[in-house]
Protein chains: 2
Amino acid sequence: MEMELWFTEKQTPDLGITLRIKESLHTERTPYQDLALLDTVQFGRMLVLDGTVQTTERDEFVYHEMLTHVALFTHPEPKRVLVVGGGDGGAIREILKHPSVEKAELVEIDGAVVETSRKYLPEISCALDDARARVIIDDGVKYVREAHEKYDVIIVDSTDPVGPAVGLFAVEFYRSVFEALKDDGILVAQTESPFVNQNVLSHAYQAVASVFPITRLYLASIPTYPSGLWSFTMGSKRHDPLAVLSDRELNFETKYYTPEMGKACFALPRFVQDLIKQGR
Amino acid sequence: MEMELWFTEKQTPDLGITLRIKESLHTERTPYQDLALLDTVQFGRMLVLDGTVQTTERDEFVYHEMLTHVALFTHPEPKRVLVVGGGDGGAIREILKHPSVEKAELVEIDGAVVETSRKYLPEISCALDDARARVIIDDGVKYVREAHEKYDVIIVDSTDPVGPAVGLFAVEFYRSVFEALKDDGILVAQTESPFVNQNVLSHAYQAVASVFPITRLYLASIPTYPSGLWSFTMGSKRHDPLAVLSDRELNFETKYYTPEMGKACFALPRFVQDLIKQGR
């Protein structure tokens with residue numbers, strides 16, 4: 001009998017995903033978290049932080065395309081973009097597909113995430129070496145609070161709201177983001193699963209809505225994340241993604257995003273509408 | 001230490017979902033398949049056939065609403081509806097929410113599925129006792145082939161295309177469905193996951209498209225199904241779901257379906273568009 005090696009993430013105390021592993025390529029205890037890089041049969045190489053799947057080669061396109069392009073096509077001409085977290089570089093790769101972008105900064109608290117992604121996930125991290133990209137290893141909360149330039153779009157590509165990412169779900173942080181954005185700037189944050197993280201989603205949405213005049217939730221399907229359905233919350237100072245008719249063509253390749261999807265993703269199931277109505 | 005009982009479905013040879021179980025309520029070997037009714041902590045009671053999750057109390061609403069209402073609101077006045085498979089009764093429950101429906105038939109090959117659902121899943125099977133519902137225990141392929149009346153909508157609520165459901169994914173079956181539909185009738189079939197069942201989806205779509213003048217694929221998010229994203233293929237003789245502006249109001253409660261979702265669900269990720277373009 002050949003040995004079978006399986007990775008299991010308990011996504012909740014009562015629900016898990018389990019994936020067959022070809023090989024464990026790297027594990028380390030960083031100053032911030034447990035990091036593992038596993039090669040799965042189903043989804044290719046996979047980054048795991050504190051036991052939680054962050055990204056895989058085969059389904060990362062959904063998360064990274066939907067985290068970035070919805071806002072970048074809502075904004076008329078995004079030039080300066082900041083990613084908070086997202087040390088794997090996938091968000092930066094997608095952002096730099098927009099020719100208007102002059103500078104894309106990544107502020108990641110854990111340098112080991114960037115190093116490991118550079119080494120083992122070249123198709124995700126490739127754009128970190130682009131001349132328009134800048135990688136800063138620092139605390140994102142502090143970096144945004146002390147920002148001395150203004151951004152068109154700020155993207156919060158965080159882990160779950162436990163451990164190092166707690167501060168990225170707080171209303172104080174969204175206020176700092178608001179201040180660090182230009183007068184027509186846009187925030188996008190990943191806000192977890194509407195099926196299994198309802199409190200996080202609801203609180204994050206209310207917090208963004210308490211700071212930004214326009215707040216919109218949208219969804220995308222990511223197989224390796226809990227429940228397979230994931231939410232993103234957009235806070236916008238001026239541009240409403242549902243009202244904007246972008247006349248910029250999609251002139252690069254995507255695997256998930258389409259202009260139609262950029263609108264349809266805002267159509268929410270009834271129970272998700274109810275989730276974000278609570279407490280308003 | 002308290003014992004922990006976990007159910008694991010290998011959704012592919014390399015990917016699984018695992019769920020903590022409170023109690024196994026019923027297991028039996030029917031003439032067609034292994035049947036189990038488990039009580040899960042995360043999703044409530046769950047019907048399992050041949051080791052594969054069929055439906056759970058907490059997420060069945062997505063599948064049953066999206067399997068039925070998209071077609072029933074595309075058709076101007078659905079009166080006679082047939083469900084092939086779907087012995088749990090969830091599709092019938094949703095169909096009977098439409099006041100125009102005079103008769104909703106269920107043809108299920110395995111009487112044990114109906115009996116077990118009646119006993120353990122009353123919130124799903126409740127409408128099977130409605131005066132407008134009729135339950136037939138028979139082979140759906142044969143029943144449709146020999147149908148002596150014509151339907152407005154036929155819904156294929158099948159298991160995966162292995163075991164008893166193989167014939168429900170064959171072009172000959174879709175031809176029988178076409179014959180059993182009125183001149184403006186509509187077929188909807190569940191056609192698996194675009195992430196992990198790409199061949200099944202692609203073949204089913206092509207088979208429906210070879211029989212019906214209008215063929216449309218749409219998607220919904222179902223946490224307990226492989227990848228969390230599920231596809232449905234609609235074959236229609238006359239009414240195009242994308243062109244129809246239903247003036248019937250949604251005058252009953254839903255948890256997933258909304259009129260906006262009834263359109264937005266047809267916006268396909270780029271890779272799914274590519275999947276159904278193959279071979280055309």
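Two strands count as paired if DSSP finds at least two bridges between them. Helices (H or I, at least four residues) and strands (E, at least two) are DSSP runs, numbered from the N terminus. Before the details, this is a predicted model, where local features need pLDDT of at least 70 and side-chain atom pairs count only at pLDDT 80 or more, while totals for chains, interfaces and linings use all residues. Residues are numbered from 1 along each chain as its sequence is written, chains are lettered from A and ligands numbered from 1 in the order in which they are written, and side-chain values use heavy atoms, with hydrogens and water left out.

Now the sheet. In chain A, 7 strands form an open sheet with mixed pairing, in the order S8-S7-S6-S9-S10-S12-S11. Strand S8 (133–137) and S11 of chain A are the edges; each has a single partner strand, so one side of each has no neighbour in the sheet. On average, neighbouring strands are turned by 15° against each other, direction ignored; the axes here are lines fitted to C-alpha atoms, for helices over the stretch in contact, and angles run from 0 to 180 degrees between N-to-C directions.

Within that order, S10 (residues 181–190) and S12 (residues 229–236) of chain A pair in the antiparallel sense over 5 bridges. Val188(A) is opposite Met234(A) in S12(A).

Next, the cavities. On a 1 Å grid over the protein atoms alone, a cavity is a set of points where a 1.4 Å probe fits but cannot get out, and lining residues have an atom within 4 Å of a point. There are 2 cavities of 30 Å³ or more.

Among the residues closest to its centre are Gln11(A), Ile17(A) and Ile17(B). Strand S2 (15–29) of chain A and strand S2 (15–29) of chain B each give at least two residues to its lining.

Last, the cysteines. With a disulfide taken as a pair of cysteine sulfur atoms within 2.5 Å, the count over all chains is 0. For Cys265(A), the nearest cysteine sulfur is that of Cys265(B), 14 Å away.

Conventions:
On a 1 Å grid over the protein atoms alone, a cavity is a set of points where a 1.4 Å probe fits but cannot get out, and a pocket is an open set with protein on both sides within 12 Å along at least five of seven lines; lining residues have an atom within 4 Å of a point. Grid points are joined across faces, edges and corners, and a volume is the space filled by probe spheres set on the points.
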